[in-house]
Every structure is written in structure tokens, then in C-alpha cells.
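Welcome to this short briefing. Have the sequence and the 3D view open as you read, and look up each residue as it comes up.

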Amino acid sequence: MSPIDLCEAGALQPFVRCMQRRGIDVDRYLEQQWIPPAQVDAGEGKIIKRQAWRMFLKTSKSPS
């Protein structure tokens with residue numbers, strides 16, 4: 001079995017704050033990828049890196 005690639009949840013904070021300043025409902029995108037918004041806000045814990053990349057891809061294609 002291959003290991004799961006993880007990253008710090010806090011690594012998303014700059015991206016999340018930028019989206020919030022632009023008026024984008026970032027919690028919706030986090031929850032769609034099963035990333036707890038509270039965990040990102042606190043900057044604690046680890047998330048699966050693939051989930052973060054999927055969120056980036058989803059937000060880059062979103063019209064809002």
C-alpha cells in the first residue's frame with residue numbers, strides 16, 4: 001500500500017483568506033472536498049494533499 005500524501009491544514013490559510021476577501025464562499029469549496037473549515041482556520045492538523053489540489057482545481061473553474 002502506498003502512503004497517503006499529507007500537508008498541514010494551515011498551508012491553505014493564505015489561499016482561503018484571499019478567497020474570503022474577494023467575497024467567495026470558501027467554506028462551500030472546502031466542505032465539497034471534505035476539508036473541515038475549522039481545521040484550516042485553526043491551522044492545526046493534516047489534510048490529504050489530493051483534497052487541497054481538488055479544491056484548487058474546482059475554484060479555478062468556478063465562475064464565482
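In which helix is Gln32 found? Gln32 is found in helix 2, where helices (H or I, at least four residues) and strands (E, at least two) are DSSP runs, numbered from the N terminus. This is a predicted model, in which local features need pLDDT of at least 70 and side-chain atom pairs count only at pLDDT 80 or more, while totals for chains, interfaces and linings use all residues. Residues are numbered from 1 along each chain as its sequence is written, and side-chain values use heavy atoms, with hydrogens and water left out.

- Gln32 counts as partly exposed because its relative accessibility is 36%; buried means under 20% relative accessible area, exposed over 50%, and partly exposed in between (1.4 Å probe, protein chains only).
- Between Gln32 and Met55 there are 7.9 Å in space, C-alpha to C-alpha, although the two are 23 residues apart in sequence.
- Arg28 is also placed in helix 2, and its relative accessible area of 37% makes Arg28 partly exposed.
- Trp34 sits in the loop between helix 2 (26–32) and helix 3, and Trp34 is exposed, at a relative accessible area of 74%.
- Most residues other than glycine have a negative phi.
- Trp34 is not a glycine, yet it has a positive phi of about 60°.
- Ile4, in the segment before strand 1, counts as exposed because its relative accessibility is 56%.
- Ile4 and Trp34 are 30 residues apart in sequence, and their C-alpha atoms are 15 Å apart in space.

**Aromatic rings**

- How many aromatic pairs does a search of the whole structure find? The search finds two; rings of Phe, Tyr and Trp (its six-membered ring) pair if their centres lie within 6.5 Å, and planes under 30 degrees apart count as stacked, over 60 as edge-to-face and the rest as tilted.
- Phe15 and Phe56 form an edge-to-face pair because their planes are at 80°, with the ring centres 4.6 Å apart.
- This pair links distant parts of the chain, with Phe15 in helix 1 (residues 13–21) and Phe56 in helix 4 (residues 49–61), 41 residues apart.
- Both partners are partly exposed: Phe15 has a relative accessible area of 29%, and Phe56 has one of 25%.
- Trp53 and Phe56 also make an edge-to-face aromatic pair, at 5.5 Å centre to centre and 80° between the planes.
- Trp53 and Phe56 both lie in helix 4, three residues apart, which is about one turn of the helix.
- Trp53 counts as exposed, at 57% relative accessibility.
- Taken together, ring pairs link Phe15, Trp53 and Phe56 into a cluster.

**Salt bridges**

- A search of the whole structure finds two salt bridges, each being a side-chain nitrogen of Lys or Arg within 4 Å of a carboxyl oxygen of Asp or Glu.
- Lys49 and Asp5 meet through their side chains in a salt bridge of 3.6 Å, N to O.
- Because Lys49 lies in helix 4 and Asp5 in the segment before strand 1 (6–8), this pair ties together parts that are 44 residues apart in sequence.
- Lys49 is partly exposed, with a relative accessible area of 28%, and Asp5 is partly exposed too, at 46%.
- Glu8 and Lys46 form a salt bridge with their side chains at 2.6 Å, N to O.
- Glu8 lies in strand 1 and Lys46 in strand 2 (residues 46–48), so the pair ties together parts that are 38 residues apart in sequence.
- Glu8 is partly exposed, with a relative accessible area of 40%.

**A charged patch**

- Which residues gather in a patch of negative charge on the surface? They are Asp25, Asp27, Glu31 and Asp41.
- Patches are made of residues with over 30% relative accessible area and no salt bridge, with like charges joined within 9 Å and nonpolar side chains (Val, Leu, Ile, Met, Phe, Trp, Tyr) within 5 Å.
- Asp and Glu count as negative and Lys and Arg as positive, while His and the chain ends are not counted.
- Asp41, one of the patch residues, has its place in helix 3 (residues 37–42).

How values were computed:
Accessible areas come from the Shrake-Rupley method with a 1.4 Å probe; for residues, only the protein chains shown count as cover. The place of a charge is taken as NZ of Lys, CZ of Arg, CG of Asp or CD of Glu.
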